[in-house]
Structure formats: structure tokens, C-alpha cells
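Dear colleague,

Here is the structure I promised to pass on to you. Please look through it first, and then read my notes below.

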Amino acid sequence: MSGRATDWPAEIHAAMGDLGIDLVATVPDAGLSRLLTLCEDDPAVDVITLTTEEEGVGLLAGAWLGGRRAVLMMQSSGIGNIVNALTLPGVCGIPCLMLATMRGQDGEFNPWQVPMGTRGPRVLAELGVTCRDVEDAAAVAPAFAAAAEAAYGQGRAEAVLVAQSVIGTKSFER
Amino acid sequence: MSLLDNHGRLRRRPLVQALFAGLGGELVVTGLGAPSWDLAARGDRDRTFYLWGAMGLAVPTGLGLALARPGERVIVVTGDGEVMMGLGSLATVAAAAPRNLAVLVLDNGEFGETGGQRGLSARGVDIAAVARAAGFAETLTVAGEDAVDDLRRLLFERPGPVLAVARIAPGEDAKVLPPKDGVVLRRRFRADLGLEQG
């Protein structure tokens, strides 16, 4: 199967059900549009829109303390916003599952996306987050499931980073 | 211990004691600094989750907890500086509209833990008005001795999300420190709720 034929948003949505993840905290990204719509349309899933991604780190921690599994979905620029917030799951050994769609990689038109798109993953790694770079649509859902199992099984911070080559580049033409 | 100081201002420790001495099964999240010491002084308990850092995340953490435990009351106790760092989260909470979430802001108008530098609420920023504008179900600002009954009613009984600002006297109380080991805090919190450690 070619990468483009894989419906990774539907696969992740299905995997969420299998993994007991029924709460989404998000600052949206174009690359997440279909997945977020699937989640919004699913009566079993609650989607909470944030003003900034760091709120999502707190929300995930609180939800898990209360026995509920959540995932933070964001654009790569959100990586920069969550740095100090990661102290909470990090120090407490609380699961923190993140899914980021990447900007600022090959084909990017907007240079302001490049710092977080290229160096954000290294920032996460430096802070103890396990990053799974995914450059093939067929590999997104398996990476997500593995990250979720590591996060919720071991109390770890895990990030699945979906490459721009999977989501496509943003057009700036009118 | 008198609720008011010599200038007629609310004192944080007796206020917290009066509000929370009778805590039952409520789930409490405290913002970093003095609110954590206040709740520890009231008497440490497994169902209080103290933040020692991650400034700005007390309200978002309370929101996540409220969404996970809709049948239980969640009370966030934090300071004006802490809530100001996460001011946007008041909008997030208002939009999510959890009926079981209450926020108490102990507002002394200063950054108490870092030397008492003047904060934004002392320069006219009204946190309760921000919450009201965002869409909280109810807000309250109190400053005097008659505060306790109104605060108790709002924090424990009224449909959320609700937010109360208690204008309190500045100055530091004796530090009463809760456990700082985050793994201990989260393990005992989940254990008290009968949840596996994961």
C-alpha cells in the first residue's frame, strides 16, 4: 500500500478506542483536521480546545490522576510552548501522550515555522520525552499505539511527530 | 486565630482553615507556592495534589481532573500570580464548562515566594472579571470577615465552573511543606481513588 492511500487519521481514531483514550486536548493544526473531525464527531470522545498547548500538559496530568486517558494534539510550534509544563508529568512520572504534526520541514514556505519544526524534537528529547518521528503514513498509527502503551504503561512522556511529508505542505497561494 | 489582621484584611491561613477544615472527598489541586503551604498547614491528605512548579497549570490540571471525575467536586486553590500565568486557561475552562470545578484565587497582589514584588492584580487587573467575561457560571470577590459562608457555598455547592477571588493580606506565613516527591503525590492520589498505578 502506498503511503498516500493510508488513512492514518482513521487508524489513530480507531486505536484511541482500543487504548481507552477518550479525551483530546488540542490547539489545532491543518494536518490534524481530519483526525480532529473524527474525534469531534465521536460521541465517546471529548475534545477540549486550548488557548495554548501547555494547558494540555496540565489537563492530561489531571485527567490521568482522575483515571482518564487523554492525548495532546498540536502543531510542531506547540513544542516550544510546553517546555516548563513538561516538569509536571516528568517529575511525577505521569503519562504524557502527544501527537504533533510537523511544519518547518522540507517544502515549507514560512520560515517562522522552521525553528520548532527542525529543532523542537531535540528540545523534547533533551527534556526526557521519547520522540517517534514518522515519515510514512502507514507507520503513524502503529507509532501512536506504541507511544500510548509506553506512556500509559510506564508513566512516560511520549511524542509522535508526523512529518510534513506525510501531511503535505501548506499552500500560500490564493 | 482571627480571620482578619490589624488592618481588617483577610489572613490566608485562618481563611484556608475555615474553608477547608471540613474537607470530605473533594479533590483539591494547589498552585505552587503559598497555596500549597496553606493546604499543607490545614492538614496533609492524599486527595490534595500539590504543584511545586509548572506555574500556570493549576487550573488546567483541575480541569483535567474535573473531566475525569464528573461525579466529584474538584477545587483548585491558587494564587493571583499563578493564575495570571495561565489566564488563558480560564477561557478553556469556561468553554469546557465542567459543572464540578471550582477555583479559589488567594489574591495578595504580590509575588510572595520571590520577595513580594507587586503583581498585576495590584495594578488593577480583576481576575474575577476575566473569569466572568470568559463565561464562568458564577464568580465572587470577597475581602472581609463575612467571606467564609459565601465562599464555602460557591466553592462546594454552586454549579461550576465557578471562581472566587479572596483578597488577602500580603506577607508570608510559616512554611508548612507538603511532600515534594511528585511520584509519591501521584501514587497516593490515585490509590485513594482506587485507581491502578499504571
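B:Pro161 lies in the loop between H7 and S8 of chain B, where helices (H or I, at least four residues) and strands (E, at least two) are DSSP runs numbered from the N terminus. A cis peptide bond, with omega about 0°, joins B:Gly160 to B:Pro161. Most peptide bonds are trans, and most residues other than glycine have a negative phi.

Please keep in mind that this is a predicted model, in which local features need pLDDT of at least 70 and side-chain atom pairs count only at pLDDT 80 or more, while totals for chains, interfaces and linings use all residues. Residues are numbered from 1 along each chain as its sequence is written, and chains are lettered from A and ligands numbered from 1 in the order in which they are written.

Two alanines of chain B have a positive phi. B:Ala54, with phi near 50°, is found in the loop between strand S2 (48-50) and helix H3 (58-68) of chain B. B:Ala54 counts as buried because it has 28 C-beta neighbours inside 10 Å (buried means 20 or more other C-beta atoms within 10 Å of the residue's own, exposed 12 or fewer, and partly exposed in between, with C-beta atoms placed from the backbone). B:Ala97, with phi about 55°, is in the loop between helix H5 (88-96) and S4 of chain B, and with 13 other C-beta atoms within 10 Å it is partly exposed.

Helix H1 (residues 12-20) of chain B has as its buried residues B:Arg12, B:Leu15, B:Val16, B:Leu19 and B:Phe20. They cover an arc of only 105° around the axis, so they sit on the same side of H1(B); the arc is that of the directions from the helix axis to the C-beta atoms.

The axes of H1(B) and H2(B) come within 9 Å and cross at roughly 55°, where axes are lines fitted to C-alpha atoms, for helices over the stretch in contact, and angles run from 0 to 180 degrees between N-to-C directions. The two helices, H1(B) and H2(B), are therefore oblique to each other (under 35 degrees counts as roughly parallel, over 145 as roughly antiparallel, 65 to 115 as roughly perpendicular and the rest as oblique). In this contact (C-beta atoms, placed from the backbone, within 7 Å), residues of H1(B) including B:Arg13 and B:Gln17 meet residues of H2(B) including B:Asp38 and B:Leu39.

Finally, the contact between the chains takes 33 residues from chain A and 31 residues from chain B.

Note on methods: Contact = placed C-beta atoms within 7 Å.
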